[in-house]
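Subject: A structure for you to look through

Dear colleague,

I am passing on a structure that I would like you to read alongside the notes below. Please keep the sequence and the 3D view open while you go through them.

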Amino acid sequence: MANKLNEILSASGLYHVYESKAEDGNVVALRGLHVRVMEGEAVAIVGPSGSGKSTLLKCLGGLMKPSAGGVMLNQRMMARLTGNELVKLRQETVSFIFQDANLLNHLNALDNVAQPLRHQGVLPWEARKKAQKLLDRLGMGERSNGIPEELSGGEQQRVSIARALITKPKLILADEPTGALDPITSREILNIFKDLHKNEAVAFLVVTHNREVASFADRSLELRDGRFVAQHGTDVDIGDLTVSREIIIDETGTVTLPPDILAKIGGAGRFELPKLSKDIINFERVESDKIVIEEKGELVLSPNCPACRYDYGTGTLQMCPECGASRPMIKS
Ligand SMILES: Nc1ncnc2c1ncn2[C@@H]1O[C@H](COP(=O)(O)OP(=O)(O)OP(=O)(O)O)[C@@H](O)[C@H]1O
Ligand SMILES: [Mg+2]
């Protein structure tokens with residue numbers, strides 16, 4: 001039996017504003033996001049250009065301080081740490097992979113990979129030995145003396161992955177890791193991710209436009225204008241949505257409302273969509289179904305099912321036996 005999973009990353013109420021003196025003013029890049037990633041979980045972030053994906057990743061990984069909101073990395077609140085503590089926590093927990101390999105140009109592949117260990121004080125020979133082992137594993141064993149400009153894009157990206165892995169992070173934050181690669185190399189990189197996810201329980205938060213990469217994730221979050229607008233996948237946690245007050249519409253068109261919103265709109269029922277346009281929906285309860293809720297009075301169980309009008313009689317059922325809608329409370 002697996003142990004209870006812990007959160008490797010959790011953030012609440014994340015806002016980020018890029019201050020600007022330019023005419024177009026400040027840019028609000030993140031608008032109150034809640035994110036949770038469990039140990040060993042792979043989550044994709046998708047969304048159009050400018051929606052805040054890179055900003056989110058930087059805030060989550062401690063590369064940038066969000067304007068508001070807190071981030072917990074490996075259950076420690078980043079804002080409460082001193083500079084040194086934060087560096088240590090990041091070194092021990094998280095690695096970044098960027099779209100461009102971001103290697104140090106003057107160092108060869110081996111030393112690029114060994115460098116994060118050197119920062120942790122590991123002796124040079126030991127760091128190099130580990131680096132060589134990782135490069136071997138990623139099929140780059142023969143190229144460890146090459147400097148970045150002598151390597152192809154895919155080779156550079158494999159070096160940057162080795163560099164990300166050498167500290168044995170529990171979480172990898174990757175920003176378009178295959179964006180600069182051809183499809184075959186992308187697939188190789190993806191296979192490395194899958195292997196790490198499956199066999200070493202590394203958690204991933206991956207920004208991607210690539211469908212294959214997104215499908216490797218256990219779920220994906222869709223970002224638009226600094227807000228999550230949808231969550232896709234089999235393992236969707238409704239609890240997250242109750243906090244963030246988002247609504248999911250899945251591929252089959254099923255809408256899921258958080259319970260508090262359902263209560264607020266007067267419970268289950270039939271709704272019309274008076275106007276339809278892209279990206280906006282407006283629900284309006286069908287007139288005959290409206291339950292008049294008086295301001296005063298005690299809350300009692302509704303005598304009828306609001307969805308199919310089933311008569312509950314004197315019973316205390318909580319769910320309609322005819323249509324499965326939950327039974328609302330109404331003012332008596
Ligand atoms: N350093 C910055 N200064 C000011 N505005 C910025 C800065 N970086 C990003 N922005 C703005 O913040 C918003 C979100 O940018 P971000 O880079 O997070 O988007 P993204 O989803 O990663 O886009 P892409 O898919 O193009 O990489 C955009 O409107 C962008 O113009
Ligand atoms: Mg980006």
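Predicted model: local features only at pLDDT ≥ 70, side-chain atom pairs only at ≥ 80, totals over all residues.

**The sheet that holds β1**

Strand β1 is joined to strand β4 (residues 68-73) by 5 bridges, and the two run antiparallel; helices (H or I, at least four residues) and strands (E, at least two) are DSSP runs, numbered from the N terminus, and two strands are said to pair if DSSP finds at least two bridges between them. Within this pairing, serine 12 stands opposite glycine 70 of β4. Strand β1 (residues 7-18) is also joined to β2, by 9 bridges and again in an antiparallel manner, with serine 10 having arginine 36 as its bridge partner and alanine 11 standing opposite valine 35. Taken together, these strands belong to an open sheet of 4 strands in the order β2-β1-β4-β5, with antiparallel pairing. Because β2 and β5 (76-77) stand at the edges and each has a single partner strand, one side of each is left without a neighbour in the sheet.

Residues are numbered from 1 along each chain as its sequence is written, while chains are lettered from A and ligands numbered from 1 in the order in which they are written. The average pLDDT of the protein is 84, and 84% of the residues score at least 70, pLDDT being the predictor's confidence in each residue, from 0 to 100. Over residues 235-242 the pLDDT stays under 50, and for these residues the model has 14 contacts beyond four places in sequence; two residues are in contact if their C-beta atoms, placed from the backbone, lie within 7 Å.

**The protein as a whole**

The protein has 9 helices and 18 strands, and buried residues make up 33% of its 332 residues. Here a residue is buried if 20 or more other C-beta atoms lie within 10 Å of its own, exposed if 12 or fewer, and partly exposed in between, with C-beta atoms placed from the backbone. Of the contacts between residues at least 6 apart in sequence, 59% join residues at least 24 apart.

**Around ligand 1**

Which residues surround ligand 1? They are Tyr18, Ser20, Val27, Ala29, Gly47, Ser49, Gly50, Ser51, Gly52, Lys53, Ser54 and Thr55, where a residue is near a molecule if its C-beta atom, placed from the backbone, lies within 6 Å of it. The elements that give two or more residues to this shell are β2 (27-38) and α1 (53-60), and α1 gives the most, with 3 residues. The shell divides into 3 nonpolar, 8 polar and 1 charged residues; Ala, Val, Leu, Ile, Met, Phe, Trp, Tyr, Cys and Pro count as nonpolar, Asp, Glu, Lys and Arg as charged, and the others, Gly among them, as polar.

Leucine 60 is in contact with Leu9, Ala11, Val35, Val71, Leu173 and Leu205, leaving aside its neighbours within four places in sequence. After α1 comes glycine 62, whose phi is positive, near 80 degrees.

Most residues other than glycine have a negative phi. Glutamate 176, although not a glycine, has a positive phi of about 50 degrees; it lies in the loop between β7 (171-175) and α6 (183-200) and counts as buried, with 20 C-beta neighbours inside 10 Å. Aspartate 225 also has a positive phi, near 45 degrees, and is found in the loop between β9 (219-224) and β10 (227-233). Is aspartate 225 buried or partly exposed? It is partly exposed, with 14 other C-beta atoms within 10 Å.

With best wishes
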